[in-house]
Amino acid sequence: MNDCIIQNNSWEDRWAHFKNKLPHQAEPYSKKNWGNGNHSLCSYQGKLKPAIAYHLIKTFAPSGGKIFDPFCGVGTIPFEGALNGIESYGMDISKMCYYISQAKVGMTNEAEAFRYIERLDNYIKMYDEVDEDLIKYSTFGLNRSLKEYYEINTFKEILKARKFFLENKPENASEMVVISSLLHILHGNRPYALSRTSHPIIPYAPTGEFAYKNLIEKLYLKVGKYFSQEIPPIFVSGKIYLQDSTHTWPDEINDLDAIITSPPFYDSTRFYSANWIRLWFSGWEPKDFKTMPQSYIDERQKRSFFVYIPILSQAKERLKSGGLVVLHLGKSKKCDMGVMLKMISKRWFEHSELFDESVSHCNKFGIKDIGTVTDHQYLLLY
């Protein structure tokens, strides 16, 4: 049964096909780098596989429909929706994720992005007052200090760039491509990385020689790669909101065909520690790492799953008649997220279905500890 035939059936038929075939596990979807290259605009631990997002959208979003992801992270679901002609909205509490997601789903212009880099380049060349920041941040770090990641002149350029973005915040998707690209190259084990040899997803302790890396040169290469990716003619630009999804959603988030989302898995990975260099660059101060994580669902759900009540209640209000909520969850020995949320959802949704999928097939991408998840779960509410 091909994609076209499946799409023309009811969502119940398409869902039955998904459960029976698990199409994201078959080639070509099972390949590590399947999907549009801009899914990799900025690496991110815990990112939903684009292939899963693609098949969930094909299963539950009608052609020309409208979807919303209240935990969009780096925008995998909204971007895959936009690529497939779906009006897609997303929301995330993290400014870092907001930049990356909007860069993916927004309408972008290469010349506009390069002008922003030129402004950054001029700022780096003209701004000399970096000594105070050098003293303030050199010894900051979670696993190692920042000064251990970078050659001193590269580190000074990064400090200047951080100050530039805080003073000249990106205002459109093109400018968000620039900061997202820089967030990606802050650390890694490939030639584009500004750091000593580390890891492209989690900043493991760096190794190797200190070598100067020109920030602007590497940034041009990364941004150029973004604009080299082909975008299909059916692409529909979307919108991302920088907001806590437990607060009241904007009026525009309404009349939805589906809410498709993958909330943080329970006690799996710590978002703030896995992304500490990028969060710092996006504006977090050292003191924020002690307080900011407490506002994130990752930590709040450890205290009570009732944190999902304002999300589920608003979901019911904002869906079209016949619309669905599709939650991609993580089951572990510590917590069965699907069972917990299915129980809480009964107040608003008459029908629910929970399907478990073993994750023994999943690739760890060289990460030693990807958390305690044993199964992926798909919870349908309608």
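**Helix packing and salt bridges**

Author: Helices α2 and α3 are roughly antiparallel to each other, a label used for angles over 145 degrees. Helices here are DSSP runs of H or I, at least four residues long, numbered from the N terminus. A quick caution: this is a predicted model, where local features need pLDDT of at least 70 and side-chain atom pairs count only at pLDDT 80 or more, while totals for chains, interfaces and linings use all residues. Residues are numbered from 1 along each chain as its sequence is written, and side-chain values use heavy atoms, with hydrogens and water left out.

Reader: OK, what's the angle between α2 and α3, and how far apart are their axes?

Author: About 150 degrees, with the axes 8 Å apart, for α2 at residues 11–21 and α3 at residues 50–60. The axes are lines fitted to C-alpha atoms over the stretch in contact, and angles run from 0 to 180 degrees between N-to-C directions.

Reader: Which residues meet there?

Author: From α2 you have W11, R14, W15 and F18, and they meet H55, L56, K58, T59 and F60 of α3. Contact means heavy atoms within 4.5 Å. The residues of this contact divide into 5 nonpolar, 2 polar and 2 charged.

Reader: Switching topic: how many salt bridges are there?

Author: The count is 13, taking a salt bridge as a side-chain nitrogen of Lys or Arg within 4 Å of a carboxyl oxygen of Asp or Glu.

Reader: Where do E285 and R162 sit in the chain?

Author: E285 lies in the loop between α12 (276–281) and α13 (288–291), and R162 is in helix α8 (residues 152–167), so their pairing ties together parts 123 residues apart in sequence. The N to O distance in that salt bridge is 3.3 Å.

Reader: Are E285 and R162 buried or exposed?

Author: Both are buried, meaning under 20% relative accessible area; exposed is over 50%, and partly exposed is in between (1.4 Å probe, protein chains only). E285 and R162 also belong to a salt-bridge network with K136.

Reader: What about E175 and R119, what's their N to O distance?

Author: That salt bridge is 4.0 Å, N to O. E175 is in helix α9 (residues 173–185) and R119 in helix α6 (residues 110–126), 56 residues apart. E175 counts as buried at 11% relative accessibility, whereas R119 is partly exposed at 39%.

Reader: And which residue does D288 pair with?

Author: K287, at 3.6 Å from N to O. D288 counts as buried at 14% relative accessibility, while K287 is exposed at 60%.

Terms used:
Helices (H or I, at least four residues) and strands (E, at least two) are DSSP runs, numbered from the N terminus. Angles under 35 degrees count as roughly parallel, over 145 as roughly antiparallel, 65 to 115 as roughly perpendicular and the rest as oblique. Ala, Val, Leu, Ile, Met, Phe, Trp, Tyr, Cys and Pro count as nonpolar, Asp, Glu, Lys and Arg as charged, and the others, Gly among them, as polar.
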